[in-house]
Amino acid sequence: VHGELKYYKMEKSSHLQQEYDPLYYRERKDVEPEFGKAYEPILASEGEIRFIGNRMHKCFYYIYGLETCRYEVLKKKTNSFLPCKDVIDGMWRCYTDSKYGKTLEEAPSYTSSHRSKFLDCICYKPYSMQLCWPHFTNMIRAIYRQPDSTLSKWY
């Protein structure tokens with residue numbers, strides 16, 4: 001349209017939003033960067049990788065159950081994922097051995113951004129669980145990396 005200015009909302013790409021996530025990057029204190037701050041990647045420890053892998057194996061029943069539940073909800077064309085809540089809560093208890101609450105809502109506050117992304121992904125996006133799964137494991141990783149975590153004492 002001639003003479004009319006259109007403004008578009010500019011959003012950060014998902015890559016940029018994840019770039020400075022404290023779960024993946026930490027600020028470098030030993031350098032004086034020329035522009036802004038300098039960050040370095042955080043590599044997962046062997047124990048963390050083993051823990052997540054073993055939990056995925058142990059709790060696969062819930063992962064499969066959630067995928068099946070989502071399929072049934074979408075097939076019925078309802079917009080309520082409430083029937084899947086028990087499966088999600090069971091998966092949370094399995095991954096944390098009920099040490100961080102019996103439901104996903106009882107998860108520690110420092111996991112809230114990952115919890116929101118996970119719930120948004122499985123309830124409001126038409127993505128497969130493969131794309132939603134990293135948000136759930138990020139919650140577990142955040143707990144695992146806490147100094148007082150009881151998850152880090154065992155695989």
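## Exercises on a predicted model

At 23% relative accessibility, Gly65 is classed as partly exposed, and the model in which this value was computed is a predicted one.

**Exercise 1.** Determine where Gly65 is placed and how far apart Gly65 and Gly90 are in space.

*Solution.* Begin with the position: Gly65 belongs to helix H3, which covers residues 60-75. Then turn to the pair, for which the sequence separation of Gly65 and Gly90 is 25 residues, while their C-alpha atoms are 10.0 Å apart in space.

**Exercise 2.** Decide whether Arg55 counts as buried or exposed, and find the side chain with which its own side chain makes a polar contact.

*Solution.* First locate Arg55, which is part of helix H2, residues 46-58. Next, apply the cut-off, by which a residue is buried under 20% relative accessible area; Arg55 has 5% relative accessibility and therefore counts as buried. Finally, look at the side chain of Arg55, which makes a polar contact of 3.3 Å with the side chain of Asp97.

**Exercise 3.** Describe how helices H5 and H6 are arranged relative to each other, and what kinds of residues make up their contact.

*Solution.* Start from the axes of H5 (residues 112-124) and H6 (residues 129-144), which come within 8 Å and cross at roughly 160°. Angles over 145 degrees count as roughly antiparallel, and H5 and H6 are therefore roughly antiparallel to each other. The crossing of H5 past H6 is left-handed. In the contact, H5 contributes residues including Phe118, Cys121 and Ile122, and H6 contributes residues including Leu131, Phe136 and Met139. Sorted by kind, the residues of this contact comprise 8 nonpolar, 3 polar and 2 charged.

Note on methods: Residues numbered from 1 in each chain as written. Predicted model: local features only at pLDDT ≥ 70, side-chain atom pairs only at ≥ 80, totals over all residues. Heavy atoms only, no water. Axes fitted to C-alpha atoms, helices over the stretch in contact; angles between N-to-C directions. Helix = DSSP H or I, 4+ residues; strand = E, 2+ residues; numbered from the N terminus. Parallel < 35°, antiparallel > 145°, perpendicular 65-115°, else oblique. Left-handed = near helix turned anticlockwise from the far one by under 90°. Contact = heavy atoms within 4.5 Å. Nonpolar A, V, L, I, M, F, W, Y, C, P; charged D, E, K, R; others polar. Buried < 20%, exposed > 50% of the residue type's maximum accessible area, 1.4 Å probe, protein only. Polar contact = N/O pair within 3.5 Å; in protein donor to acceptor, adjacent residues only side chain to side chain.
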